[in-house]
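Here are my notes on the model, point by point. Have the structure open while you go through them.

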Amino acid sequence: TVIAAINPKGKYDPTSDLSVNVGLGSPLLSRFDLVLVLPDQQDSAWDRTVSEYLLRQNSGNRNKKNLTGGAGSGDIWPIEKLRAYLAHVRTVLFPEMSLEAAQ
């Protein structure tokens, strides 16, 4: 069993073919038994909930309500913690910005 994931080229257009949206030719896409499209609903509240959950899972603060200081107190991460987190991401994950994101 092979499971694969791909992001669209730019913004997903539901009126275009899948092959156009993801930049893969139809012959390659035809090799998959099942293709499931999960469109982003662009909901900032949901994005914040998911990102806080992911950060909480990787920060050792699993018992806190959120990463902003507990049950919504509004505190933010100290600059030292933010710098340490960004340094970790740069050295472990090696993120690269796409040309589109840079614009």
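1. A word on burial before anything else: buried means under 20% relative accessible area, exposed means over 50%, and partly exposed is in between (1.4 Å probe, protein chains only). Leucine 28 is therefore partly exposed, as its relative accessible area is 40%. Its place is in helix H2, residues 26-29; helices here (H or I, at least four residues) and strands (E, at least two) are DSSP runs, numbered from the N terminus.

2. Some ground rules. This is a predicted model, where local features need pLDDT of at least 70, side-chain atom pairs count only at pLDDT 80 or more, and totals for chains, interfaces and linings use all residues. Residues are numbered from 1 along each chain as its sequence is written, and side-chain values use heavy atoms, with hydrogens and water left out.

3. On confidence, pLDDT is the predictor's own score for each residue, from 0 to 100. The chain averages 78, and 82% of the residues score at least 70. Have a look at residues 65-73, where the pLDDT is below 50; this stretch still has 19 contacts in the model beyond near neighbours in sequence (contact means heavy atoms within 4.5 Å). Among the elements, helix H1 (residues 18-22) has the highest confidence, at a mean of 90, and helix H5 (residues 99-102) the lowest, at 78.

4. The overall layout is quick to describe: 5 helices and 0 strands, running α-α-α-α-α from the N terminus on. Of the 103 residues, 11% count as buried. Among contacts with a separation of 6 or more, 11% are between residues 24 or more positions apart.

5. Serine 19 sits in helix H1 and is buried, because its relative accessible area is 18%. Leaving aside residues up to four places away in sequence, serine 19 touches Leu24, Gly25, Ser26 and Leu29.

6. Proline 14, in the segment before H1, counts as exposed, at 66% relative accessibility. Proline 14 and proline 39 are 25 residues apart in sequence and 8.9 Å apart in space, C-alpha to C-alpha.
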